[in-house]
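Biologist: I would like to go through the labels used for this model. For each label, please set the value against its cut-off.

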Amino acid sequence: MVKEESCYTCTFKKASIIMKNWKFLPLFVLLFLTSFAWSQDMKVNGTVYDTTGTVPLKNAMAMAVRMKDSVLLGFTRTDKNGQFLLTGFPADTFALTIEHPNFDDKTYYILGHSENYEINIPSIVMPEALQDVEEVVIYAYKDPIYYKGDTLVYVADSFATHEGAVVEDLLKKLPGLSVDKDGKITSQGEEIGKVLVDGDEFFGDDPTIATKNLGADGIEQVQVYEKENEDGIGGSDEKIKVLDLKLKDDAKKGYFGRITGASDFALTPLGTNNEIGTNPFYEGELLLNKFNGAQKISVFALGTNTPRSNFGWGDMKKFGLENETTSGNRWNPNAGGNTSGVPQTLTAGIYFSDKIGKKKNTKIGFNYSYYNNYLDATSASRSEYFLSDTSYVTDDSTRNITDNESHRINFDLETQLDSLTTLRIKPSVRFDQGRTTNTDISDFFNSEGIQTLGTFVESDNDSKGVSVGGYASINRKFMKKKRELEVRYDIDYDNNQTDGSLVSRTNFYSTSTLTDSLQQAKVNDNGNSNHYGTVTYIEPIGKKFKLETEYLYQYGFSNQNRVTLDRNVSTGMFTDTNTTFSNIFDNTRQQHRLGVGLIYETSKHIVRGMVKARNINIDNVNRISNNTINQNINNILPQFRYTYKPTMGRRFNFNYRTSSDQPSINDLQPVPDNTNPNRIQEGNPDLKPNYVHSLNIQFNNWSALTGRYVYAGVFGSVTNDAFSTQVDYDAFGRTVSKTINVDGNGNAFLYSGAGFPILNRKIEFRPELNASYNRFTNIVLGEENTTNNYGITPGLNIEFRFFGDSVEFGINGKYSYNNAVSSLNGTRTPYSIENYGGYGNWRLPKGWGIGVDAAYTRNTQPGDGFFDTDFFVLNAEISKKFLKTQNLMISIVGNDILNQNINARREINGNIVTDYRTTIISRYFLLKATLRFNNRKTKEDDFKWH
């Protein structure tokens, strides 16, 4: 950006001398008149020309922004002669910025004064717009929100947070960003795929470690931008949203951290008895950061048995808890929500990164994390199964106890071999072991409400596994600008072993109460390895076009050895192999993929079109029967992406892409899985890879000056050969299901929102509207069933901030309506969820503080149903700070003071509607102490609202 400093300056030497001589009354009067003159309005006029200095520019924007607090003093546009006049604001020191969409900005710094309140700039020649926008800042001063090229930047000090706040608290203050109860972050409706600290990963792929542990007062900027998914195979061309936390300079030197301890030992008179456990509640936390320039060392530890120990964002897959969440739930109001069960967590880790070498051109990073998670979840559920001529109902009582331990190691090396060549190696290793005990009591009822079956099923599983992933790449640039060559190797390997047992008892009430029982031991060894090699070459064609070519080769192998042992009648030992539930199966895949694409790029438009042709050869081998199924599949995978950036604050994206996923080894294995004898699942070796068309359209508009923003987007997908289920029912309602391919499954989501601050951002309205549509086809008793699920969720948040950051509160409301319609018998299952809440924080003198938040939830369905619930959760905290630095805080925390919290949710899967209620931690109180420290031995300052 071109910046010019104005020569229009003035001095106050005379006024300073006069102020020291109060006895001279006439001079004092003169000073008074001078002060009156100071209040005169500024008048700034000028003429704006193009880069030649000869053609006047119409509709150029002229803005005056006060330097000390970034307040917009006034703005106007040039007329047809390129002339403008700014007036109506008192003389002050301000920045005058001239903007035009076809040129770069120009900024003047003006020191207004009583003798310098009329400014005339006769000729303002605009600089050329940069074609390759690397870094464009809207203004030459701190503004709360601005664009830096394609990067959205939040200046952290412009957003007030409370004492001791962590990054997650800061993110909740930023317009357009939202953080849910599980720590998942979205920006203008899009999920953040990765969180970085100064451009580097922080403790691997778990972003909550950074957002829940780093102090907000160490952050200078929060940056949001798009980048290619480096962790995707072959450097996936799929874009992901990245949130990058930029540290302040003083946070990069010395050390800082905090220690927190909390317990309910001293608060038993308040009624904080642990009604669902025998141990008292506790929380303990340690965070230490030592930064020295590029070198960063961080240590953290967290131990707790409160709801804070819920599984964070990224933990589901890590600990084998995929079933705790539902894919495609982007706008499902049941997603996330309350913690399930009674948790106990211990996590710890160390992080190190540095730049080494004489030229500091080698960056290394290492982190180790340890996780130990225990969860005791007791739930009740009711499921309704709708068939073409009848229906079934099951009532289930389930207790699931999981105890998982994980060690994760990540390493990252990036070095400049020479000025044009970069080598990067990024491996990761994970060691897991866990134990799961699941007990399920189920009662089956026919359509007349008569119980026909009762079952007791208990399974125990001990598992351990190792996973290895990562990539190595060499990127070579050339003397010809934008020419680029990359060679990359990816590996994805895992091996798991599980030893388990199964006990099942069944009572048949409809046939004179017969009883059946089953006892089995189970061994399951499975592994998976994939190797990918990718070569990508980019050749510039002129100034605006690039040709991209890519070749990918994949070799993959998966195997599963499943053994089920029955008890030997003679010995009582589990030695007899049950061939019905045992098998050895493997899957081999080879893929060749060639892609050619063309890219057109200017400062406002980016168009990228690519076509990929692939051949994949698959062998599914049953080692017991020696039966082999070979599949040779050819696909064309087109992609198209268009981005339009008319201004720094406005974006439009259109993205169409196709993709294909392969079935898992569990879906392919041709043997029944009777882990739950009431819900037997079979594999299908004839499964084909699916083929997905997806479309994503986004629009957002920002006004950094006013803080207003609007965003909207539509995402949709249609899948051919989608993975679905074929379900058969017996006379009691028990099922045998198999994965099959179907056409036409799809979904669509609409997301939109806005922010409208008023009264100098003291009040902000944030309306939002989300809607969803899901189409799911499966086969039920030989008949095709299509379930269409419709949902709409409007909402409104209102935030208030007064007296600086001393008083802040907000209210919010959301209403969600969902309706699933099944084609099998025309069944409709509408339901609604209402959420209303509010929060308030009051920071009082002498270090006192009061905080409260409340949420009311109401779940309803037509008629009286298991799903109907309503509850009001009230949390509060009172705190007091001590020491000269006020870095020691003692507080009393109350969770669910009214003791009403429950976990109720509904899931719809094809012709099945299931309502859940889960026992969770409700009321408790904690006495909590937090000590914050740093090498400066000063107060850990909060941010001040500007």
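**Labels and their cut-offs**

Modeller: At 38% relative accessibility, Lys480 counts as partly exposed, because buried means under 20% relative accessible area, exposed over 50%, and partly exposed in between (1.4 Å probe, protein chains only). This is a predicted model, in which local features need pLDDT of at least 70 and side-chain atom pairs count only at pLDDT 80 or more, while totals for chains, interfaces and linings use all residues. Residues are numbered from 1 along each chain as its sequence is written, and side-chain values use heavy atoms, with hydrogens and water left out.

Biologist: What makes the pair of Glu539 and Lys480 a salt bridge?

Modeller: The closest N and O atoms of Glu539 and Lys480 are 3.0 Å apart. A salt bridge is a side-chain nitrogen of Lys or Arg within 4 Å of a carboxyl oxygen of Asp or Glu, so the pair of Glu539 and Lys480 qualifies. Glu539 lies in strand E26 (residues 514-541) and Lys480 in the loop between E24 and E25, so the pair ties together parts 59 residues apart in sequence. Helices (H or I, at least four residues) and strands (E, at least two) are DSSP runs, numbered from the N terminus.

Biologist: Is Glu539 buried or exposed?

Modeller: Buried, because its relative accessibility is 16%.

Biologist: How many salt bridges does the rule give?

Modeller: The count comes to 32. One of them joins Asp462 to Arg435, with the closest N and O atoms 2.6 Å apart. Asp462 is in strand E24 and Arg435 in strand E23 (residues 421-445), so this pair links parts 27 residues apart in sequence. Asp462 is partly exposed at 35%, and Arg435 is partly exposed at 38%.

Biologist: Why are Asp490 and Arg488 described by the burial label that they carry?

Modeller: Asp490 has a relative accessible area of 2%, so it is buried. Arg488 has 6%, so it is buried as well. Their side chains meet in a salt bridge (2.9 Å, N to O). Elsewhere, salt bridges that share partners join Lys173, Glu808 and Arg843 into one network.

Biologist: How do you know that strands E42 and E43 pair?

Modeller: Two strands pair if DSSP finds at least two bridges between them. Strand E42 (residues 828-843) and strand E43 (residues 848-860) are joined by 12 bridges and run antiparallel, so they pair. Arg843 stands opposite Gly849 in E43. The hairpin of E42 and E43 has 4 residues between the strands, and Lys846 takes a positive phi near 60° there. E43 also pairs with strand E44 (residues 869-882), in the antiparallel sense over 12 bridges.

Biologist: What does the term nonpolar core require?

Modeller: A nonpolar core is a set of buried Ala, Val, Leu, Ile, Met, Phe, Trp, Tyr and Cys residues joined through side-chain atoms within 4.5 Å. The largest one has 35 residues, of which Tyr154, Leu171, Val222, Leu243 and Leu245 touch the most other members. A second, separate core of 22 residues includes Leu57, Ala60, Leu86 and Met126.
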